[in-house]
Amino acid sequence: MKKSTRLIVAIFLVVILSVTAIGVWAAPARVGTVPVLSENISAGLSEVVNIGTGTVSVQADASSGGSMNIEKIADPSTKIGLPPEGWVFLLDQALKVTISNGLMNSVHICVPQAPDMVTKTTVFHYWNPENSTWTPIPTEVTGENPPMICGTGSAEGHYALLGK
Amino acid sequence: MPCSGSNSQRQSFIIKVRQRISSLALFISPSHTALFHEVSMVLIIGTVYGCTLAPGLTWANGGTDGGDLITAAATHGVAHPSGYPLYLLLAELFQWIPAGTLAFRTNLLSVVCAITASVFLYRVTCLILDGKPYNRLASWGSALLFGFSHLVWSQAVITEVYALQTLLTALIFYLAFFNRQWRYQDIVCGLVGGLALGNHLTSLLLIPLLFWKTEEFVPGTKRRTFLRAIGILIGTLIYLILPLRAIQNPPVSWNNPTTLSSLFQLITGQIYQGYFTLLYLPDRLRGLAGLFIDQFNAIGMAVGFFSLLGGRISLRKNIPLFWVFLSSCCFALVYGTFDSYVYVIPAVMVFSIWIAGGIQEIVDILSSNRKLSQPAIYLALLLAIAYQIFSTIPTVDASKDARAETFGIAVMQSVPENSLVFTGDDESTFALWYFHFALKQRPDITVISADLLQFPWYQRTLEYTYPDLIVPDSGSFTVESIRRNNSTRPYYVIDNYRNYLNILSKINSKNQ
């Protein structure tokens, strides 16, 4: 190949690369060295399940071998439904709680209160599949350093922390 | 007669020593020009790196793992998978230097490795362009450009394993392209390959270079291949230091590799194997293009392509270069972490060699047509390097990054006595490990990574590190159950370091 041709091809390649190039390296939001917990967690009915620094526990009449499954669902407004007017999802995810071989009495979900939640009204909501709306459930703030926001629901299904 | 006998023994000993030295000299000694180039590289790169080096623990340039690596080295522990035994040993050596903080001394290891890698890249490029005019000058310029490329520089000024990996990559290149025979050549080649595997598993992609014949005829191939394979095996034995460290119950002991299966899981990075994905491929291909332009700018890229299209580097030498280029890019594209772009460094090294070929040819053309003088060529190269330095420095300078130190000191000073401190993200976990375990601050508190609680080995580590901690049953190790079992102790949850710094800034502003 002649030098002039090589030079033109080289410049052409650089132009193509420059046009297609982007300045970001696509990656998931949080995949670091400490492995985050699985998006789908199964555990016995009597266990307290870790969800990051928060927890989920279920009170149930368990027959032998009863178990629960906690699934994290990202982008809940698209995948489940929009929050009520004036409310926003405070976490990036909702939790889907399901039970196998057991009858659930209540589900207890706790997450740490982040500083940006302090000035907001924070209430856990349950996704009511019958009328397709997010319904508030009893929620309290307990402890300190930081306080934990804990909600108590009574049925299987989707739960999310909403604030306004 | 015994006297003459001992004389002849002494003479034969001296001859042997001279032969050894000369064989060693053959491996090391550069010509005067090369010496000038190498010394000037060390001075230029060393000065610039020194000005941008992180003075302590840093999160700059994706260096969040620094706290884990420094602490594992300082406490004779085991770092995150794959364990990095070679890095830990070298880091421990640097931690003995009597100057600066523990983190600063460990950062120095990266500086030394990155400078030495550039020097070896210079030698590799000289070997590849051997016999061509201005080959040394072009190699000098491209090796400096490599040293000041965004990726290499960013890893040179923080605690991470990638500067050492860059050095080992350059060494493997050098051994692959150094064709003159010297004593123990094959076993040393293998040993370096094995040690490289002991630093990072991506070295597997470099191992074929050690068996590639860059010359037409190499005698005794089978024996040499065998010796190199033995060398690799011996080098990988460095992983055996991990169980030896783990049995001493260090506070950082990933996977607790005291059994064969846990050692295997650690070395093979089992907990990260699910990170491989093709999900980001289209965007990352475009990101890769941006990454290369970011390293050498458009002119450097054009010079590299100009050389590549010319075929001045023989196919026999280019095949291993292409292999390293493609394999390291592919690995970076499919490994789904936010910082997998660092695995492109070997490809950047290869592209620097191609740029050297381009510089060599362009200088040859210009000097033959217009009688360009050597000082003018040096000046032009220095201007290009100065441009590279000043355009890259704002994005890699770690000398002013005090976030990790501010965070760690703030937590150590603010949490009440006997607190349980639960951490969420890498930044807060590793920074607190550094202050708590490596610097031995606040022995009264208990630092617990919430996400690591899912692993039995971490539960065991907590049990022996904190004998006073009342631990739950092995099946229910959660933040909640630990809190409940230790209900008399205050607790903090640092889900995200940014939240914690927000709290502190609010407290500080109230106090003022």
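## A guided tour of the model

Glu71(A) sits in strand β3 (residues 54-74) of chain A; helices (H or I, at least four residues) and strands (E, at least two) are DSSP runs, numbered from the N terminus. Keep in mind that this is a predicted model, where local features need pLDDT of at least 70, side-chain atom pairs count only at pLDDT 80 or more, and totals for chains, interfaces and linings use all residues. Residues are numbered from 1 along each chain as its sequence is written, chains are lettered from A and ligands numbered from 1 in the order in which they are written, and side-chain values use heavy atoms, with hydrogens and water left out.

With a relative accessibility of 28%, Glu71(A) is partly exposed (buried means under 20% relative accessible area, exposed over 50%, partly exposed in between, with a 1.4 Å probe and protein chains only). Its C-alpha atom is 8.6 Å from that of Ser42(A), which is 29 residues away along the chain.

**Cysteines.** A disulfide is a covalent bond between the sulfur atoms of two cysteines. Here a disulfide is called when a pair of cysteine sulfur atoms lies within 2.5 Å, and over all chains the count is one. The partners are Cys110(A) and Cys150(A), with sulfur atoms 2.1 Å apart. Their link is right-handed, with 115° about the S-S bond. Cys110(A) belongs to strand β5 (residues 93-112) of chain A and Cys150(A) to strand β9 (residues 148-153) of chain A, so the bond ties together parts 40 residues apart in sequence. Both Cys110(A) and Cys150(A) are buried.

What about Cys113(B)? Cys113(B) is in no disulfide, and the nearest cysteine sulfur, that of Cys189(B), is 19 Å away. Cys113(B) is buried, at 4% relative accessibility. Cys126(B) is in no disulfide either; its nearest cysteine sulfur, again that of Cys189(B), is 19 Å away. The relative accessible area of Cys126(B) is 8%, which makes it buried.

**Chain B as a whole.** Chain B holds 21 helices and three strands. Its radius of gyration, taken over C-alpha atoms, is 26 Å, close to the 24 Å from the globule rule for 512 residues, so chain B is as compact as a globular protein of that length (the rule is 2.2 Å times the number of residues to the power 0.38). The C-alpha trace spans about 80 × 70 × 45 Å along its principal axes. Of the 512 residues, 57% count as buried.

On a 1 Å grid over the protein atoms alone, a cavity is a set of points where a 1.4 Å probe fits but cannot get out, and a pocket is an open set with protein on both sides within 12 Å along at least five of seven lines; lining residues have an atom within 4 Å of a point. Grid points are joined across faces, edges and corners, and a volume is the space filled by probe spheres set on the points. The whole structure has four cavities of 30 Å³ or more.

| Space | Volume | Lining |
|---|---|---|
| Largest cavity | about 150 Å³ | 15 residues |
| Second largest pocket | about 610 Å³ | 23 residues |

Nearest the centre of the largest cavity are Gln165(B), Thr202(B), Ser328(B), Tyr343(B) and Pro346(B). Its lining has nine nonpolar, six polar and no charged residues (Ala, Val, Leu, Ile, Met, Phe, Trp, Tyr, Cys and Pro count as nonpolar, Asp, Glu, Lys and Arg as charged, and the others, Gly among them, as polar). For the second largest pocket, the lining divides into 19 nonpolar, three polar and one charged.
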